[in-house]
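Colleague: Before I rely on any label attached to this model, I would like each one set against its cut-off. Could you take me through them?

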Amino acid sequence: MHGSLARLQLTGLLRLIAGLGRTTMVVAENDRWILRIWFEQGRVVAAVRASDVGLDALETAEYLFSAGRFGL
């Protein structure tokens, strides 16, 4: 992973992707927790964490993934 992405917090990474208008998927890992967020032209179109989907998955993301690993 690129060093500068490793230093971003999840919210900063999500804002960056949204601002770039990218279509991609972000995977965040923190121990046993895995969050997947799909973007289409910079807009979040889906999010999944374990059994949580959509806004429920995103609501806890800041706490669970504040220092996790991210991949694009």
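Predicted model: local features only at pLDDT ≥ 70, side-chain atom pairs only at ≥ 80, totals over all residues.

Modeller: Residues are numbered from 1 along each chain as its sequence is written, and side-chain values use heavy atoms, with hydrogens and water left out.

Colleague: What is the mean pLDDT of the chain, and which elements have the lowest and the highest mean?

Modeller: With pLDDT being the predictor's confidence in each residue, from 0 to 100, the chain has a mean of 78, and 74% of its residues reach 70 or more.

Colleague: How many helices and strands does the chain have, and what makes a run of residues count as one?

Modeller: Helices (H or I, at least four residues) and strands (E, at least two) are DSSP runs, numbered from the N terminus. On that basis the chain has 4 helices and 5 strands, and read along the sequence they follow the pattern α-α-β-β-β-β-α-α-β.

Colleague: Why is the pair Arg 49 and Asp 52 called a salt bridge?

Modeller: The term requires a side-chain nitrogen of Lys or Arg within 4 Å of a carboxyl oxygen of Asp or Glu. The side chains of Arg 49 and Asp 52 meet at 2.3 Å, N to O, so the pair qualifies, and the structure holds 1 salt bridge.

Colleague: Is Arg 49 buried or exposed, and where is it placed?

Modeller: Buried means under 20% relative accessible area, exposed over 50%, and partly exposed in between (1.4 Å probe, protein chains only). Arg 49, in strand E3 (residues 43-49), has 7% and is therefore buried, whereas Asp 52, with 21%, is partly exposed. Of the 72 residues of the chain, 26% count as buried.

Colleague: What makes up the largest nonpolar core?

Modeller: A nonpolar core is a set of buried Ala, Val, Leu, Ile, Met, Phe, Trp, Tyr and Cys residues joined through side-chain atoms within 4.5 Å. The largest one has 12 residues in all, including Leu 14, Ile 37, Phe 39 and Ala 57. Two or more residues come from each of helix H2 (10-20), strand E1 (24-30) and strand E2 (33-40), and H2 gives the largest share, 4 residues.

Colleague: How do you know that Ala 57 is buried, and which residues is it in contact with?

Modeller: Ala 57 has a relative accessible area of 0%, and therefore counts as buried. It lies in helix H3 (residues 55-59). Contact means heavy atoms within 4.5 Å, and leaving aside its neighbours within four places in sequence, Ala 57 is in contact with Leu 35, Ala 47, Val 48, Arg 49 and Asp 52. By the same rule of leaving such neighbours aside, the contacts of Ile 37 include Leu 14, Val 26, Ala 47 and Leu 58.

Colleague: Why is Gln 41 called exposed, and what is its phi?

Modeller: Gln 41 has a relative accessible area of 62%, so the label exposed applies. Gln 41 is found in the loop between E2 and E3, and its phi is positive, about 50°, although it is not a glycine.
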